[in-house]
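Please look at the sequence and structure first.

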Amino acid sequence: MTSYRVLIVDDERMVREGIAESIDWMGLGMVLAGTAANGQQALAMLDELQPNVVITDIKMPMMDGLQLIEQGSKLSSHTVFIVLSGFGEFELATQAMRFGVRRYLLKPSDEREIAEALEWSKQEVDAARSHYGSSMQPVDATKIDQQGILSSIPSDLLQAIVHADEAQLMRVSRSWNEQLLSDGVTLRAIQENNNDVLTYICNQLNAEYGVSIPHTPVEGQDLQAFQKELGRLYAGYHFRKVDKKAILVLKIKQLTVEHIQNRQLSLQWLAQHYLFLNSEYLGKLFRQDTGEKYTQFLTTVRMKRAKELLRSYPALKIYEVADQCGFEQDPQYFSNVFKKHCGCTPNEYRKQQCGES
């Protein structure tokens, strides 16, 4: 069975150890490769440990999660990053998505949520392995189509951009230009071919992926100028291609956290007061992106808030906790929901926490 190596990065020791000890790594077919206390330490471990998956906090000293993701993706474009974010850090989570992050967990996350994210990451790793392992067709400088473009190269470069494989993008462009030079193709012809390929890529990004990026013709005849423009297209595509639907789901989650005390809070309420979109569409979108109904997410957030209050404010009455989590001041109903979700009553949970401390 294929093993997937996982690195955990968080400046809180209890979080690192909690994830490490709560997950059935063998059952998931995964291996805990190591843990790191900040992004700088994790970056140094990427080359040594070569993890397939990195679970990282966003806010950390020395080097935060965003910097780790940005620099780590350059070292290994096939590593899958899962972001851990706290309440109020959704804007940072949105920025992480610009670096290709597609999954994040809201702190504190339980074992089930983390395991689901890890299962999802295995599919992403398999897809990356499949793409990386597919053999490149050898470049043949004699195969030039009617427009003067090498027939196999444009699609290879396009796919490298779309699949966020910057290293592959640079490798293919370099090998292509070196092959042309070795076959005696003139610098002027290479420049023309490069510009034709850039135009093709821009047209395809617009036609197939709906991302319009203005193309600047390459004036220089050297490889650097061509690769610089490819890099600009790469960055432009991924900046513009932040999944708008995923951003909308992030916004739903952010608003949910901000208004968790509101007893009227629902997807219909958010649609009416903030999002101005059809609530049925939002519900379907939310379920497609997260795999759960919005009502399930709402309950989860309310329970996380309740646990936080029970831990941090032992003097609060149960009905006061219920009120601050958006429930009616009905401690029995709140306790029933809490027990169903957490496996114990609010009072039992508070006693457990006091006993542990």
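## The chain as a whole

The chain has 17 helices and five strands. Helices (H or I, at least four residues) and strands (E, at least two) are DSSP runs, numbered from the N terminus. The model is predicted: local features need pLDDT of at least 70 and side-chain atom pairs count only at pLDDT 80 or more, while totals for chains, interfaces and linings use all residues. Residues are numbered from 1 along each chain as its sequence is written, and side-chain values use heavy atoms, leaving out hydrogens and water.

Of the 357 residues in the chain, 45% are buried (under 20% relative accessible area, with exposed over 50% and partly exposed in between; 1.4 Å probe, protein chains only). Among contacts (heavy atoms within 4.5 Å) between residues at least 6 apart in sequence, 66% join residues at least 24 apart.

Five strands form an open, parallel sheet in the order 2-1-3-4-5. Strand 2 (30–36) and strand 5 (103–106) are at the edges with a single partner strand each, so one side of each has no neighbour in the sheet. From one strand to the next, the twist averages 20°. Two strands pair if DSSP finds at least two bridges between them.

Strand 1 (residues 4–9) pairs in the parallel sense with strand 3 (residues 53–57) over four bridges, and with strand 2 over six bridges. What does Ile-8 stand opposite in strand 2? Ile-8 stands opposite Thr-35 there, and its bridge partner in strand 3 is Ile-55. Strand 1 is largely enclosed by the rest of the structure, because five of its six residues are buried.

## Two packed helices

Helix 7 (residues 153–162) packs against helix 9 (residues 187–209) at an angle of about 50°, with the axes 10 Å apart. Axes are lines fitted to C-alpha atoms, for helices over the stretch in contact, and angles run from 0 to 180 degrees between N-to-C directions. Helix 7 and helix 9 are therefore oblique to each other; angles under 35 degrees count as roughly parallel, over 145 as roughly antiparallel, 65 to 115 as roughly perpendicular and the rest as oblique.

The residues in contact include Pro-154 and Leu-158 of helix 7 and Tyr-200 and Leu-205 of helix 9.
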